[in-house]
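Please read the points below with the model open beside you.

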Amino acid sequence: MLTGSALWAANRLGMRTVLWTTWGADWRSGATPGSVLRTVRRDLAGGGTVLLHDSDCTSAPGSWRATLGALPALLDHARAGDLDVGPLREHRIAG
């Protein structure tokens, strides 16, 4: 959860806070590759950040499989829209 205390602590530790533009709701027990893809595509735009989970330690058991299953189609969709795809550390900051 993003709170004033969390922002203060992150800043004090020299961390950069980043919010996401869209997410896959991939932590839910009913998530499927199709539902993750539809949810992400709804708000996907250039310059955005997509939140996906690669673990189910705080999610429904096995929910990471929905994320993994959605990735090929999500990457195809992004590339068809001429969007760059990469890790957060390569994300350009506007300013």
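1. Helices here are DSSP runs of H or I with at least four residues, and strands are runs of E with at least two, both numbered from the N terminus. This is a predicted model, in which local features need pLDDT of at least 70 and side-chain atom pairs count only at pLDDT 80 or more, while totals for chains, interfaces and linings use all residues. Residues are numbered from 1 along each chain as its sequence is written, and side-chain values use heavy atoms, with hydrogens and water left out.

2. T67 sits in helix α3, which spans residues 64-80. Is T67 buried or exposed? Its relative accessibility is 6%, so T67 counts as buried, the term being used for values under 20% relative accessible area, with exposed meaning over 50% and partly exposed in between (1.4 Å probe, protein chains only). Leaving aside residues up to four places away in sequence, T67 touches D26, V36, L52 and H53, where contact means heavy atoms within 4.5 Å.

3. Helix α2 (residues 33-43) has S35, V36, L37, T39 and V40 as its buried residues. Among the elements that cover them are β1 (22-23), β2 (50-51) and α3.

4. The largest nonpolar core has seven residues, namely A31, V36, L37, V40, A66, A70 and L74; such a core is a set of buried Ala, Val, Leu, Ile, Met, Phe, Trp, Tyr and Cys residues joined through side-chain atoms within 4.5 Å. The elements giving two or more residues to this core are α2 and α3. L37, one of the core residues, touches A70, A73 and L74 when residues up to four places away in sequence are not counted. As background, an α-helix has 3.6 residues a turn, so residues three or four places apart point the same way.

5. At 57% relative accessible area, L19 is exposed, and it lies in the loop between α1 (4-12) and β1.

6. Which rings form a stacked pair? Rings of Phe, Tyr and Trp (its six-membered ring) pair if their centres lie within 6.5 Å, and planes under 30 degrees apart count as stacked, over 60 as edge-to-face and the rest as tilted. The count by this rule is two aromatic pairs. W20 and W23 form a stacked one, at 5.8 Å centre to centre and with 20 degrees between the planes. W20 is partly exposed at 42% relative accessible area, and W23 is partly exposed at 34%. Together with W27, these residues W20 and W23 form one aromatic cluster.
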